[in-house]
Amino acid sequence: MPELPEVETVARQLEPELEGHRIEELEVLDARWSRPVPPAALGDAVRGATIEGLGRRGKYLMLALDGDRTLVMHLRMTGNLVLVEGDDILDPAAGRLLYQGERTTEARHLRARCVLDDGRELWFTDPRRFGEAFLIDNADLPARFAKLGVEPFSPEFTPEALGGMAAGRTAPLKSFLLDQSRIAGVGNIYADEALYRARLHPLSPAGSMKPEHRLALRDAVVDVLQMGIDAGGSSIDDYRDGRGEKGTMQEKFLVHTREGQPCPSCEGEIVRIVVGGRSTYFCPSCQVKLRRRPRRRAK
DNA sequence: CGCGCAACCTGTCTGC
DNA sequence: TGCAGACAGGTTGCGC
């Protein structure tokens with residue numbers, strides 16, 4: 001679930017909290033999280049490091065450490081990174097994580113905990129265990145992320161760039177938006193919301209967009225991601241921000257998870273289909289399906 | 001290279 | 001109540 005807005009929210013919340021602090025210990029409880037590096041090896045490598053910052057690239061969280069290294073983490077489907085301290089460690093009523101030395105609720109999904117020099121702890125919890133982390137030298141970062149696409153908030157994400165990426169593509173627009181090697185950070189939720197706002201059908205071939213469609217889609221992608229950040233992310237199920245709180249973007253969905261409900265624009269019924277194996281919600285009357293563009297204009 | 005799909009995991013919900 | 005099956009926000013690898 002965590003897509004760009006969720007990862008950005010966590011990074012922005014936690015960066016000021018973590019910056020300048022030293023890592024006393026990194027305990028990896030699930031070997032899957034650090035593999036292929038053994039848990040103890042990652043812990044040893046990170047012990048004593050000072051945190052210099054926390055950022056994001058695509059859906060990756062980047063914890064900058066001294067010594068020109070970065071601990072890269074990915075939340076995948078159900079991962080959460082939360083800062084906990086003292087008593088706070090558990091109050092289910094307050095919607096927070098709990099941990100009392102015993103495995104209770106969320107705490108049973110604890111995959112790694114990072115103890116800071118002031119006693120606070122950074123927890124990586126993840127029921128489905130798809131999340132992961134690795135330590136990398138900053139010099140190797142460009143190569144490692146070479147295949148990651150353009151950042152949606154960068155000046156390079158123009159309608160023309162979008163058109164260039166889509167040219168000749170026959171894959172459905174929905175699949176196109178989810179391709180991290182083209183645009184980094186858009187996931188299933190925001191792809192649906194962006195296509196709806198751009199009034200584009202999720203099954204339209206990516207290469208079928210005309211200039212006005214590219215402009216609309218670029219703007220819609222940027223807008224929905226910004227809305228997501230402003231709302232502190234979407235909490236459909238597992239997602240919690242860096243403080244363990246829910247985001248509110250799910251309350252602003254216009255189509256996602258709204259099967260059978262009225263379209264906010266035409267009152268027609270929102271439909272759910274499966275595209276590329278992913279649930280896709282849209283309004284059949286507002287989102288027009290484009291035809292595949294002829295390769296050559298007939299004269 | 002482009003595209004579609006299975007696989008990776010666990011938890012939750014639905015229907016019989 | 002029990003149980004099988006479907007489904008869930010992401011990414012990678014494989015086959016065509």
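This is a predicted model: local features need pLDDT of at least 70, side-chain atom pairs count only at pLDDT 80 or more; totals for chains, interfaces and linings use all residues.
User: Thanks! How many salt bridges does the structure hold?

Analyst: There are 18 salt bridges, each being a side-chain nitrogen of Lys or Arg within 4 Å of a carboxyl oxygen of Asp or Glu.

User: Which side chain does Glu8 meet in a salt bridge?

Analyst: Glu8 meets Arg12, at 2.8 Å from N to O. Both lie in helix H1, 4 residues apart, which is about one turn of the helix; helices here are DSSP runs (H or I, at least four residues) and strands are too (E, at least two), numbered from the N terminus.

User: And is Glu8 buried or exposed?

Analyst: Glu8 is buried, at 15% relative accessibility. Buried means under 20% relative accessible area, exposed over 50%, and partly exposed in between (1.4 Å probe, protein chains only).

User: Okay, what about Asp30, which residue does it form a salt bridge with?

Analyst: Asp30 pairs with Arg111, and their closest N and O atoms are 3.6 Å apart. That pair links distant parts of the chain, 81 residues apart: Asp30 is in the loop between E1 and helix H2 (31–34), and Arg111 is in strand E6 (residues 110–116). Asp30 is buried at 8%, and Arg111 is buried at 11%.

User: Where do Arg76 and Glu132 lie?

Analyst: Arg76 and Glu132 form a salt bridge with closest N and O atoms 3.2 Å apart. Arg76 lies in the loop between strand E4 (69–74) and strand E5 (80–84), and Glu132 in strand E8 (residues 132–137), so the pair ties together parts that are 56 residues apart in sequence. Arg76 is partly exposed at 38%, and so is Glu132 at 23%.

User: Switching to cysteines, how many disulfides does the count come to?

Analyst: The count comes to 0 disulfides, a disulfide being a pair of cysteine sulfur atoms within 2.5 Å. For Cys266, the nearest cysteine sulfur is that of Cys283, 3.7 Å away.

User: Is Cys266 buried or partly exposed?

Analyst: Cys266 is partly exposed, with a relative accessible area of 34%, whereas Cys114 is buried at 6%.

Conventions: Residues are numbered from 1 along each chain as its sequence is written. Chains are lettered from A and ligands numbered from 1 in the order in which they are written. Side-chain values use heavy atoms; hydrogens and water are left out.
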